[in-house]
Amino acid sequence: MSAPFDITVVGAGPAGIAAAVTAVESGARVLLIDDNPRPGGQIWRGDWNSGREGDWLNRLAASHVQLETSTAAIDERILDKGRKLILATGARELFLPFPGWTLPGVTGVGGLQALIKGGFDVANKRIVLAGSGPLLLACASLAREKGASVMLVAEQSDSAHLRGFTASLWRHPGKLIEGARLGLSLLGSAYKTNCWVESAQGREHVESVQLRHAGRTWQERSVLLATGFGLVPNTELAALLGCHVEDGAVHVGDWQQTSRPSIYAAGELTGIGGVDKSIVEGRIAALAATGREAEARTLFSDRTTWREFAAGLLRTFAPRPEVLSLAAANTPICRCEDIPLSEVAAHGNWRDLKLATRCGMGFCQGRICGSITRALYGYGPNSPRPPAVPAPIQALLEEREL
Amino acid sequence: MKPDVLIVGAGIVGSACAWELSQLGLRVLVIEDEAVGGGATAAGMGHLVVLDGSEAEFELSAASLRLWDQFVARMPEGVEYSRCGTLWVAADQEEMAEAQRKHNFCAAHGVRSEMLDPVQLAETEPNLCPGLAGGLVLPDDGILFAPVAAQWMIRDSKAELLRATVARLEGRRAILADGTVIEAGITVNAAGARAPHITPGIPVTPRKGQLVITDRYPGFIRHEIVELGYLKLAHAASGESVAFNVQPRKNGQVLVGSSRQHGVKTHEIDRHMLERMLRRAIEYLPALPQLAAIRCWTGLRPATPDGRALVGPWPAQPGMYLATGHEGLGITAATATGRLIADYVANRPPIFDATAFLPERCFHA
Amino acid sequence: MPSTITIFVNSKPVPATPETTVAAALLNAGITTFRHSPRHEPRSPLCGMGICMECRVTIDGVPGLRSCQTLCREGMQVQLEVEPA
């Protein structure tokens with residue numbers, strides 16, 4: 001059976017859209033799939049009408065890319081769809097557990113942003129955002145725009161780190177940074193560095209959160225808490241397809257090629273770096289995959305710039321030791337299986353941990369707890385099993401009548 | 001100090017051997033290169049089942065279940081033991097006759113069982129398809145999560161566990177991959193399908209099995225349900241087969257099996273077999289396609305030419321005992337296997353007459 | 001303005017729009033417990049992007065669907081394991 005497409009792209013965020021549009025403009029037949037109901041990924045989320053997002057999304061809409069949303073690539077059958085595959089599966093948030101982090105009303109920072117973009121009405125809601133990284137500010141400014149009262153943005157990184165980072169920003173006038181600056185100026189005293197959440201209290205829903213800043217702790221009565229400590233790459237599908245994964249990211253060469261022939265990777269899954277790195281990597285992958293290496297080469301210096309920027313970002317917002325040790329003995333680490341810290345500690349590797357405790361054997365397949373154990377202990381899931389995303393048993397069968 | 005016993009393999013069988021041999025007061029060293037209970041033990045369904053394919057098979061499984069009862073009473077909650085019973089389901093009158101034969105066998109051997117007519121079957125398992133002929137329930141069969149059982153046995157035995165790869169096991173010594181030689185009073189090869197890799201000549205070959213597990217759907221099924229065609233399929237000595245075999249994990253997850261492929265040595269999912277296996281299960285459980293699958297995985301089970309496990313001294317290697325070749329019955333049979341090995345080592349009367357499982361039947365000097 | 005549609009949560013009508021995810025519609029209706037964990041702790045959406053699986057509900061009879069990844073449709077039947085407060 002010959003492949004119906006020249007190139008399949010998995011993930012319709014910035015990297016995937018840039019790759020799909022670039023490839024189709026090279027004359028390739030391109031299939032772009034995403035398991036979200038709309039294209040744009042977490043950052044653009046179907047935001048058709050503004051600036052660069054709108055530009056790429058409109059180019060996608062005007063193109064001959066075949067877009068299939070609400071479609072998940074669950075196993076190696078994705079390879080049958082096209083002659084070459086570009087993976088752009090993006091990133092997820094890193095959560096660091098603290099007592100109460102599983103209560104309803106505690107969401108991710110990107111999580112809250114996504115819920116708001118999905119229609120969650122936060123008008124007049126009191127919100128505390130706590131964690132690390134530029135996403136805190138982006139989400140705070142979105143929440144404000146939608147009428148929420150942002151009580152506090154708690155950035156765990158210290159001000160010295162942040163000053164060094166912001167001083168380097170003039171070279172990188174990215175939208176993320178503009179948004180962050182804007183958010184910062186709006187927030188004023190509601191933005192604190194060296195500040196983090198220690199616990200959340202409540203029975204059926206979060207009622208208050210305990211914060212720490214400069215040696216002082218206090219409780220903030222709030223309705224919602226958004227927390228997140230930056231992003232981690234979504235490498236599961238790549239690993240399932242046999243692509244080499246190193247230090248939690250898909251290893252790629254100059255052409256964004258993975259260790260598997262005809263499989264490329266672009267964007268956050270090759271290393272967290274933000275939207276500009278994603279776009280340039282998506283373009284390089286598509287150009288290389290369609291035989292336009294010379295053009296791809298002209299983008300290498302851009303890519304280097306954004307990767308350096310990303311490295312600075314990671315250094316600036318690396319979690320401090322205190323936020324890695326907030327969980328209590330009974331704090332769930334694996335939310336799917338309710339495995340507390342006391343049972344998770346004291347296993348030397350992921351497989352022992354999993355077989356002894358069921359940690360990571362639940363519905364999220366270790367995505368949330370595995371990122372936590374990697375942050376806390378330096379190990380996490382390393383050999384994912386199909387399906388890459390839970391799927392109805394029906395989906396494991398070939399597409400023919402039962 | 002030289003151990004009295006050196007066991008290679010900390011699967012459920014090696015772990016049970018370690019536990020029983022430690023009870024004799026022997027110093028036991030277990031060598032395992034992966035996680036305890038991480039090989040075929042983690043790729044079995046953990047079904048504790050009385051089988052009646054032969055008197056010998058019955059004795060092995062029944063003795064094992066009696067021992068399992070004592071173990072699970074002491075094991076932690078994480079072993080997830082559930083006395084859910086086995087429901088052998090009959091698709092037609094021919095299989096119903098087999099159910100009746102099994103029922104008679106159980107009655108003659110003091111094992112509880114109960115025949116179900118089609119109406120009772122539908123009441124017992126409402127998600128089974130209509131039109132089945134009936135079934136037989138063995139209420140004392142059970143299930144457990146075998147890796148945790150193996151870990152408990154190693155811990156409770158106080159045996160020493162060494163994480164290392166054994167390159168060769170011969171007579172009374174093991175040679176590790178790094179060249180280290182470890183001498184012992186006796187050795188036990190409990191390396192499952194890898195037994196002949198470290199001791200050439202052991203008549204064991206891999207049989208690959210595949211499993212799928214779903215999200216939690218408490219009450220979707222209540223028994224381990226197995227089609228009565230299972231035995232004729234499973235005991236075909238070669239080739240490929242699938243059978244309807246599903247299990248309600250204690251937490252509500254549904255574990256779907258089973259498949260057998262002979263001579264396949266790799267762990268990749270075989271899509272063709274996976275699909276055959278799932279389609280077979282869907283014939284019996286029409287609502288299964290909507291359940292969310294979380295994970296598919298495979299294991300290599302140790303099969304023997306005559307379908308019987310190898311338990312006892314191995315004449316080709318004086319000082320070595322074999323505890324392998326259980327194929328799909330390893331979890332059930334682990335406890336009696338451990339006890340038998342200890343019986344032989346202690347030179348006391350065996351827990352039952354297990355001549356049929358002595359490896360010497362496969363030894364041709 | 002997006003047109004208003006009605007979805008049903010445990011048979012009770014809940015207003016929504018076609019641009020709204022099921023997760024957002026439930027939260028907007030004041031529903032905070034989407035499901036319970038094995039130790040029966042209440043849970044609600046965490047990641048908002050289809051990773052954590054905490055928001056899964058039964059939609060039109062299909063269990064285990066991520067409400068944060070599903071857009072509302074007129075007449076959609078959403079079933080929660082517990083009656084919403």
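At 57% relative accessibility, Ser11(C) counts as exposed, where exposed stands for over 50% relative accessible area, buried for under 20% and partly exposed for values in between, with a 1.4 Å probe and protein chains only. The structure is a predicted model, in which local features need pLDDT of at least 70 and side-chain atom pairs count only at pLDDT 80 or more, while totals for chains, interfaces and linings use all residues; side-chain values use heavy atoms, without hydrogens and water. Residues are numbered from 1 along each chain as its sequence is written, and chains are lettered from A, with ligands numbered from 1, in the order in which they are written.

Ser11(C) also has a phi near 75°, a positive value in a residue other than glycine. In chain C, Ser11(C) sits in the loop between strand E1 (5–9) and strand E2 (12–16); here helices (H or I, at least four residues) and strands (E, at least two) are DSSP runs numbered from the N terminus. Ser262(A) belongs to the loop between strand E16 (249–250) and strand E17 (263–265) of chain A, and with a relative accessible area of 37% it is partly exposed.

Two cis peptide bonds can be looked up next. In chain A, the bond from Pro386(A) to Pro387(A) is cis, with omega near -5°, and Pro387(A) lies in the loop between helix H14 (367–377) and strand E20 (391–392). In chain B, Gly257(B) and Ser258(B) are joined by a cis peptide bond with omega of about -10°; Ser258(B) is part of strand E16 (residues 253–262).

H9(A) is mostly covered, with 14 of its 15 residues buried. After H9(A) comes Gly291(A), with a positive phi near 80°.

Gly134(B), in strand E6 (residues 134–138) of chain B, is buried, with a relative accessible area of 0%. Leaving aside residues up to four places away in sequence, Gly134(B) touches several residues, among them Trp88(B), Met96(B) and Leu121(B), a contact being heavy atoms within 4.5 Å. The C-alpha atom of Gly134(B) is 8.8 Å from that of Glu95(B), 39 residues away along the chain.

Between chains, 41 residues of chain A are in contact with 31 residues of chain C. The area buried between these two chains is about 3,000 Å², and carbon and sulfur atoms give 57% of it; buried area is the accessible area (1.4 Å probe) that two parts lose on being put together, summed over both. Arg335(A), Asp338(A) and Phe363(A) supply 20% of the area that chain A buries against chain C, more than any other three residues.
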